[in-house]
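My notes follow in the order I took them.

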Amino acid sequence: MAKTTTKNAKKPAAKPAAKPAGKATKPAAKASSASAKSATKTAAKPEGKASLKSTRKAVAKSAKKPALTLSMLKPSVNNMSVRVFARAAGLNHSETDVWGHTRSPEYMARNPAHLTPMIEDKGLPRGVLWESCAIMQYLANKHGLEKLYPKAPAKRAMIDSAMFYLIGTLYPYVARATYPALNFPQYAGEVGHSDAHPDKKSEAQKAAIEAIAEPLEVFHSFFRNGKPFIGGKHPSIADIRLAATLEFLAAIDYALPQWAKEYMAAIEKKLGKAYAEPAADVRGYIAHVKSQAAA
């Protein structure tokens, strides 16, 4: 606007006066209109840019902010399952290591069961959810992750059955067999948690180790049934849960059958860093415990 005024002021006064009044009105109107447009454009441009820049920053900030919060313990295979799943699914999430804090008033207020893994999600009735299988099922349903958790009733039933069989049968054996070596507290009511003689505890642990072979074979012959994975050509949430569970057997140098070794290697290869990164924490803890025992 200032430039337009300066330019008009330099013109000789005689020329505008010599022109007919009608013709003088049109250029004046054009100049006025152009000046107004220029002023509007100049005033609006910086505001538009600022607004766009602000919007982009807000979108970027929103995209970076984790939509899902996961409270976990790095040495745990139960926690490892969900950590692998979240990565394999590409979910935008953050992880908080709550080692030593699961019985704090703050944690107990949200999770009276004081368990991990635990997710916090606004869509949940109580805002939080624990139990690894339930978490994977919920997130797979919410995000439509059929590759990891098929929707077809028959296929889904097999995935569910494999997970429930694992947590109800295989995992208790694995826990009784490995927890003493991992320095994890055992469950109340069991020999390992009692004041029984160390020989009795050792016998109980040995019995659990021997019992692992049967359910392990069930996963091989029934749930896999000649397929690369329980889920078929691609690992499912049941495969993630099984492979993670088998990681603990390294604590007692359990002699895994060849198929199980190949199966675990295939899952890690298929999922890449999604599996390898959480597995490294479990393996690191096992290596630390074994080194302490050997010292």
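**Entry 1: A266**

I started with A266, which I found in helix 11. I am working from a predicted model. Is A266 buried, partly exposed or exposed? Its relative accessibility is 31%, so A266 counts as partly exposed. I then checked its distance to P235, which is 31 residues away along the chain. The two C-alpha atoms are 9.2 Å apart.

**Entry 2: Helix 11 and helix 12**

I stayed with helix 11, which covers residues 258-271, and looked at how it packs on helix 12, residues 273-294. I noted an angle of about 125 degrees and axes 6 Å apart. Helix 11 is therefore oblique to helix 12.

Which residues of the two helices meet? From helix 11 I listed M264, I267, E268 and L271. On the helix 12 side I listed K273, A274, Y275, A276 and R283. I sorted the residues of this contact by class: six are nonpolar, three are charged and none is polar.

**Entry 3: Helix 7 and helix 9**

Next I took helix 7, residues 153-182, with helix 9, residues 213-224. Their axes come within 10 Å and cross at roughly 165 degrees. Angles over 145 degrees count as roughly antiparallel. Helix 7 and helix 9 are therefore roughly antiparallel to each other. I logged the crossing as left-handed.

Helix 7 makes this contact through M158, S161, A162, Y165, L166, T169, L170 and Y173. Helix 9 answers with P215, V218, F219, F222 and F223. How many residues of each class are in the contact of helix 7 with helix 9? I have eleven nonpolar, two polar and no charged residues.

**Entry 4: The cores**

I then turned to the largest nonpolar core, which has 66 residues. Which of them touch the most other members? They are F85, F219, I230, F248 and Y275.

Helix 7 gives the largest share, eleven residues.

**Entry 5: T245**

I looked up T245 in helix 10. Is T245 buried or exposed? Its relative accessibility is 0%, so T245 counts as buried. Not counting residues up to four places away in sequence, T245 touches V77, L166, Y171 and V174.

**Entry 6: Loops and backbone**

I went through the loops for backbone features. Where is the cis peptide bond that I logged? It joins T116 and P117, with omega about 0 degrees. P117 is in the loop between helix 5 (105-110) and strand 3 (118-120).

N225 has a positive phi of about 50 degrees, although N225 is not a glycine. I placed N225 in the loop between helix 9 and helix 10. With a relative accessible area of 55%, N225 is exposed.

D253 has a positive phi of about 55 degrees, and D253 is not a glycine either. It lies in the loop between helix 10 and helix 11. At 59% relative accessibility, D253 counts as exposed.

H101 is in the loop between strand 2 (93-97) and helix 5. It counts as partly exposed, at 46% relative accessibility. Its C-alpha atom is 9.0 Å from that of H114, 13 residues apart along the chain.

**Entry 7: Whole chain**

I ended with the totals. I noted twelve helices and four strands in the protein. Of its 295 residues, 36% count as buried. Among contacts with a separation of 6 or more, 67% are between residues 24 or more positions apart.

Definitions and conventions: Residues are numbered from 1 along each chain as its sequence is written. This is a predicted model: local features need pLDDT of at least 70, side-chain atom pairs count only at pLDDT 80 or more; totals for chains, interfaces and linings use all residues. Side-chain values use heavy atoms; hydrogens and water are left out. Axes are lines fitted to C-alpha atoms, for helices over the stretch in contact, and angles run from 0 to 180 degrees between N-to-C directions. Angles under 35 degrees count as roughly parallel, over 145 as roughly antiparallel, 65 to 115 as roughly perpendicular and the rest as oblique. Contact means heavy atoms within 4.5 Å. Ala, Val, Leu, Ile, Met, Phe, Trp, Tyr, Cys and Pro count as nonpolar, Asp, Glu, Lys and Arg as charged, and the others, Gly among them, as polar. A crossing is left-handed if the near helix is turned anticlockwise from the far one by less than a right angle, and right-handed if clockwise. A nonpolar core is a set of buried Ala, Val, Leu, Ile, Met, Phe, Trp, Tyr and Cys residues joined through side-chain atoms within 4.5 Å. Buried means under 20% relative accessible area, exposed over 50%, partly exposed in between (1.4 Å probe, protein chains only).
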